[in-house]
Amino acid sequence: MADYPVIYMDNNATTQVAPEVFEAMTPYLTELYGNPSSMHTFGGQVGNALEKARQQVATLLGAYPDEIIFTSCGTESDSTAVLSALRSFPEKRHIITSKVEHPAILNLSENLEVMTGRRYRVTALKVDSTGRIDLQEYEDALSDDTAIVSMMWANNETGNIYPVKEMAQMAKKRGILFHTDSVQAVGKVPINLAELDVDFLSMSGHKLHAPKGTGILYVRRGTPYVPFLTGGHQEGGRRGGTENVASIVALGKACEMAGARMEEENTRVKALRDSLEAGLLQSVPKSILNGDRENRLPNTTNISFEMVEGEAILLHMNLYNICASSGSACTSGSLEPSHVLRAMDVPFTAAHGSVRFSLSTYNTEEEIDFVLEKMPGIIETLRDLSPFWNG
Ligand SMILES: *Cc1c(COP(=O)(O)O)cnc(C)c1O
C-alpha cells in the first residue's frame, strides 16, 4: 500500500504549495526577516514586498491595491466582512445568506447574538435539487432592515457557481451591502470586481497553491468598514497584527500564477474532471452526479454511490493513496450527511455515499486512469458487504 504514490484529488480542502510560490517566499523566512512597519531600509524592503503582493492580488481580482486587506485565513475574512456590516448599521437586524454556505458563514450566522449581543433575523436561502437558489425568493427577502447579504461565489462541495453579479446588483439597488465568500472561485473563474457591485470579497491562500494561514478581504473603496482586529496600524489600521510576510508574498505569487493558469484550469483540468466524472458514472451502477452540471467550477465533481458509506469508500481509496473527501472535510468524522447535500434534498441512501473529487493543475491523465481502474471494484466490494444492497 505504501508503494502507491499519492494521488491528490482533494484540492477544495487544500492545495499543494506551488514550487514557484515556495521559492518566492523563502527569503522572507530567512535573511529578509525585517518588520514591514519599521523605519529602517532593512524593514522597508519587506514592506515593498507586501505592496507588490497586494498589487498581484488586486490584478487578479480587478481591484485597487488599497482595497486589499491581508488576513489570517478565509474564515477571518468572512467574519470580518459580516461583523463589519453589522457594526456599521447597528439598527439593521436582518441578514441574508444561503443554506449551502461554508461553515465559516453558516456557523457565524447562527451565532450572531453571541458575537454581537444583538438579536438578528437570518434568511438562509433554500436551494433546489441541483443546488440552485431562486432569485425571486432572494429579491423578496431583501428589506430595509437587511444589513448585509453574504452569498458564496462557488460551493466547495458541489462546485456550483452562484449568480453573484445579479445578486450584488439587486442588493446595491436597495442600498444593502453585499459580501461574497469567493474562496473556491478565485483562480478557477474570472473575477473582475471593477464590473461588480460587490462590497466585500473573501479569499484564502491555501486553496490557491499558497500556504495555509493566509487570506485576503477585499473592501470596496467607500464601503463603510469596522476592523475585526484592532491593534497596530498595519493594513492602514484596518487589521492589526504584524503581517505574515512570507505567506503574503506567497499569496501574491500564487495569484499571479492563478491568473496565468486560468485558461488551463478551464481546458485541461476541466477535461480531466469531465473524463473522471463520465468514467465513474458509466462504470459504477447507481452512481449519481450531485450539483449543477452546467454552472460549476471546472475542477470539482461530487458523485453519490448509492447504498455505500462515503467514509468506507474513502478508506478503501486510501489503500491506494487516492485522496478525496466525503461530505466536507469539516463534517467528516460525524455520520451526518453534509448540510449542502441535505439542503439539496439528496436522498438519504445517496447522500451518505457521496465523494467529492477536486482536481488541480498538478493532476495527470495517468492518475485519472488509475482512479477509474480502481473505483468500480471498491464500490462493488463495499456493496457486497452491505445488507441493503441487492444489485
Ligand atoms: C476553505 C473555505 C473557507 C475557509 O478558508 P480558510 O482559509 O481555511 O479559513 C471558506 N469558504 C470556503 C468556500 C472554503 O472552501
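**Figure 1. Residues 328–332, where pLDDT stays under 50.** In this stretch the model has 8 contacts beyond four places in sequence. pLDDT is the predictor's confidence in each residue, from 0 to 100, and contact means heavy atoms within 4.5 Å. Where pLDDT is low, the predicted coordinates should not be read in detail. This is a predicted model, in which local features need pLDDT of at least 70 and side-chain atom pairs count only at pLDDT 80 or more, while totals for chains, interfaces and linings use all residues. Residues are numbered from 1 along each chain as its sequence is written, and side-chain values use heavy atoms, leaving out hydrogens and water.

**Figure 2. The packing of helix H2 (residues 41–61) and helix H8 (residues 245–283).** Their axes lie 8 Å apart at an angle of about 30 degrees, which makes H2 roughly parallel to H8 (angles under 35 degrees count as roughly parallel). Axes are lines fitted to C-alpha atoms, for helices over the stretch in contact, and angles run from 0 to 180 degrees between N-to-C directions. Helices are DSSP runs (H or I, at least four residues), as are strands (E, at least two), numbered from the N terminus.

**Figure 3. Residues in the contact of H2 with H8.** H2 contributes Val-46, Ala-49, Leu-50, Ala-53, Gln-56, Val-57 and Leu-60. Among the residues of H8 are Val-245, Ile-248, Gly-252, Lys-253, Glu-256 and Met-262.

**Figure 4. The protein chain, with 12 helices and 12 strands.** Its mean pLDDT is 95, and 97% of its residues reach 70 or more. The C-alpha trace spans about 70 × 55 × 35 Å along its principal axes.

Terms used:
Parallel < 35°, antiparallel > 145°, perpendicular 65-115°, else oblique.
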